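The sequence and structure come first, and the description follows.

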There are 2 protein chains.
Amino acid sequence: MDSQTYVSVHRRTPLVKPLHTTAPGSFWGQFPVLQHDLDLTDAEIERNLDRQSLRIREGLQDFVRGGGKRLRPALVIIGARMAAASRGEGIDGQPAPESAIRLAAGVELLHAATLIHDDILDQASHRRGRIALHRQYGAHDAVLMGDFLFSLTFELFADHASPDQARVLARGVSRMCESELRNAEAPALTRREYMRRIFGKTTALFILSLTLGASEHGAPEALLQQLRRIGYCLGTSFQIQDDILDITGDPKKTGKPVGGDLLAGTVTLPLILAAEGPTELATWHRSVESAPARARRQIVQTILSDVRDRGGVDVATRQASAYLDRARAEFAGLPAGMPAEALRSVLDHLELRQS
Amino acid sequence: MDSQTYVSVHRRTPLVKPLHTTAPGSFWGQFPVLQHDLDLTDAEIERNLDRQSLRIREGLQDFVRGGGKRLRPALVIIGARMAAASRGEGIDGQPAPESAIRLAAGVELLHAATLIHDDILDQASHRRGRIALHRQYGAHDAVLMGDFLFSLTFELFADHASPDQARVLARGVSRMCESELRNAEAPALTRREYMRRIFGKTTALFILSLTLGASEHGAPEALLQQLRRIGYCLGTSFQIQDDILDITGDPKKTGKPVGGDLLAGTVTLPLILAAEGPTELATWHRSVESAPARARRQIVQTILSDVRDRGGVDVATRQASAYLDRARAEFAGLPAGMPAEALRSVLDHLELRQS
């Protein structure tokens with residue numbers, strides 16, 4: 001079944017199961033062992049947040065609990081389980097190794113940290129359907145909350161990852177910042193530059209997540225390479241979809257208002273594909289940036305409607321699907337079993353992504 | 001010579017040599033080998049910043065170059081050199097080992113990162129005699145610049161420190177955030193709580209700096225313990241002095257306006273010593289927080305003048321000196337040579353600290 005057929009078949013399904021761990025009938029519930037690992041991961045996250053004083057802890061707990069997909073920690077655990085399978089160790093019925101759980105928690109905390117800081121940067125009003133943390137606690141506390149989560153991540157990595165993986169993590173975070181700083185300086189005006197930035201912003205952490213658990217649990221180099229390629233395609237597709245959802249998404253599902261990217265000065269793939277070239281993109285970007293605050297939302301709506309009419313969203317959607325197909329094409333030879341099935345389900349699920 | 005005599009003798013010296021590396025006739029110039037190590041550290045910092053795009057790089061370079069004391073990296077190098085001396089290796093004429101230089105750069109970058117984020121938190125207007133980075137580039141870029149420097153620190157540690165030291169670093173940073181978050185929640189109303197917070201905020205990084213290079217270069221446990229105690233006294237004294245300078249300092253020398261701490265809601269040792277008890281402290285704190293913005297500076301001036309009149313500054317100054325004396329008392333048995341002399345000079349120099 002190619003991805004087009006898949007989409008058309010599944011579009012008829014009325015309810016897409018949410019990816020959130022905590023939601024009843026969650027996506028991960030199909031894989032009870034994995035669901036249990038993710039529950040352990042949540043417990044590990046809570047344990048780490050516990051040392052904060054009450055008010056801050058509650059804010060962070062609410063934020064971390066509130067509707068995260070647990071996609072990145074699931075990838076860590078899937079990787080660790082695949083490594084075990086590749087060594088012929090049947091751990092499918094048991095919980096994942098403790099260090100994999102700890103690193104999964106670390107990756108989720110890192111993700112939460114970047115979201116908190118990103119929302120300050122973008123002056124976002126909402127996240128995960130709630131008021132953004134910096135609006136609730138002030139930018140002051142939100143900067144520190146993010147810093148605190150960053151440092152927890154590095155603690156977990158220092159304790160449970162090899163120096164090599166700690167290095168990969170540190171590089172990943174500095175590249176993430178570089179990407180964001182480039183965005184703050186000037187918008188991406190070419191597809192090539194866009195791909196470079198989303199690599200730093202999102203893709204690198206997907207690759208890290210999928211290879212981290214695997215590498216720590218003795219996966220052979222060939223498997224690591226395979227997971228790296230799958231992580232690349234998965235992460236790239238995920239971020240393109242994110243950027244599409246910013247234009248077409250239902251705020252009730254995404255938890256974020258429409259058009260937030262362009263409003264914050266970020267130019268994404270649908271715009272790049274729809275524009276006649278860098279000059280028109282720069283004009284769009286400038287027209288938003290230079291408009292008085294009250295007129296901005298209207299200008300963004302007009303540009304985005306143009307982008308949709310010119311097919312920018314459709315082509316971007318096809319490109320996101322194509323990356324998922326490329327990921328599926330990399331499956332040949334993966335150790336058979338629940339981890340591979342779960343990973344394939346993730347890819348299929350993203351085809352239908354609405355949040 | 002006890003510290004009181006020292007102060008009275010040296011107060012007559014008209015010019016206190018600045019601790020800044022780059023200043024002509026700098027303090028470190030007394031120790032040419034150490035000065036050279038610090039120049040190498042600066043070069044390593046520049047190399048790390050180089051990968052950023054132009055505008056951001058310039059901002060960070062200006063900030064990192066601009067008047068930092070290089071105290072923490074000097075401690076790293078002093079520690080590494082002492083470890084060599086304790087092993088009977090005479091490296092006094094040679095540059096410090098490359099890994100010590102790299103870690104010294106990491107510690108300085110971490111320090112810069114915390115300053116940048118602190119200034120956002122405190123809404124500080126100036127730092128090191130210049131407009132604070134977040135005022136120049138916007139909170140947006142400043143959050144990211146800090147994050148970027150944090151991640152560079154973790155990269156340098158992942159590459160050049162043992163996993164143990166990377167762990168100490170990560171714990172140190174998370175404790176730093178915890179201290180600041182506690183400050184944001186409620187002021188310190190007792191000396192005990194004040195000491196706990198400055199430990200997380202400042203002292204821990206001094207201890208880390210002084211033991212880091214030593215531990216990485218094979219110092220025996222007894223020497224490490226000794227350096228830990230010296231680092232504790234040095235860091236504690238340094239932060240108490242910092243808090244005194246916030247009240248009595250010459251803005252031309254400190255590079256910061258007077259009364260910034262209380263203005264930002266932070267209660268420091270001179271206030272704690274001068275107040276009749278927690279109730280009065282809480283009243284002071286509330287009177288500043290609840291005042292309309294335009295009246296705040298005047299209220300702060302009135303409180304601080306009261307604090308001075310009641311001897312809060314004098315007693316705090318004696319306590320800061322006493323910590324330096326305790327540090328000096330720990331010197332017996334340190335490997336003789338330039339590193340120990342430089343460390344003693346740092347203590348003596350801090351006795352006269354004006355910035």
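## Contact between the chains

In this predicted model, the contact draws 35 residues from chain A and 35 residues from chain B. On the side of chain A that touches chain B, four helices each supply at least two residues: α3 (54-65), α5 (98-121), α6 (133-160) and α7 (163-185). Sorted by class, that side of chain A holds 18 nonpolar, six polar and 11 charged residues.

## Overall form of chain A

Chain A has 16 helices and two strands. Its C-alpha trace spans about 60 × 50 × 40 Å along the principal axes. The radius of gyration of chain A is 20 Å, which agrees with the value near 20 Å for a compact globule of 355 residues.

Of the 355 residues in chain A, 52% count as buried. Among contacts in chain A with a separation of 6 or more, 74% come from residues 24 or more positions apart.

## The nonpolar core

In soluble globular proteins, nonpolar side chains tend to be buried together. Here the largest nonpolar core has 216 residues. The residues with the most contacts inside this core are V76, I77 and M145 of chain A and V76, I77 and M145 of chain B.

Apart from neighbours within four places in sequence, M145(B) is in contact with I56(B), G59(B), L60(B), I116(B) and L133(B).

Helix α4 (residues 71-86) of chain A packs against helix α8 (residues 191-216) of chain A at an angle of about 35°, and their axes are 6 Å apart. The crossing of α4(A) and α8(A) is right-handed.

## A buried glutamine

Q226(A) lies in helix α9 (residues 221-248) of chain A. Is Q226(A) buried or exposed? Q226(A) counts as buried because 21 C-beta neighbours lie inside 10 Å, and the cut-off for a buried residue is 20 or more.

Leaving aside neighbours within four places in sequence, Q226(A) is in contact with E330(A) and L334(A). P97(A) is 129 residues from Q226(A) along the chain, and the C-alpha atoms of the two are separated by 22 Å.

Methods
Residues are numbered from 1 along each chain as its sequence is written. Chains are lettered from A and ligands numbered from 1 in the order in which they are written. This is a predicted model: local features need pLDDT of at least 70, side-chain atom pairs count only at pLDDT 80 or more; totals for chains, interfaces and linings use all residues. Two residues are in contact if their C-beta atoms, placed from the backbone, lie within 7 Å. Ala, Val, Leu, Ile, Met, Phe, Trp, Tyr, Cys and Pro count as nonpolar, Asp, Glu, Lys and Arg as charged, and the others, Gly among them, as polar. The radius of gyration is taken over C-alpha atoms; the globule rule is 2.2 Å times the number of residues to the power 0.38. A residue is buried if 20 or more other C-beta atoms lie within 10 Å of its own, exposed if 12 or fewer, and partly exposed in between; C-beta atoms are placed from the backbone. A nonpolar core is a set of buried Ala, Val, Leu, Ile, Met, Phe, Trp, Tyr and Cys residues joined through C-beta atoms within 7 Å. Axes are lines fitted to C-alpha atoms, for helices over the stretch in contact, and angles run from 0 to 180 degrees between N-to-C directions. A crossing is left-handed if the near helix is turned anticlockwise from the far one by less than a right angle, and right-handed if clockwise.
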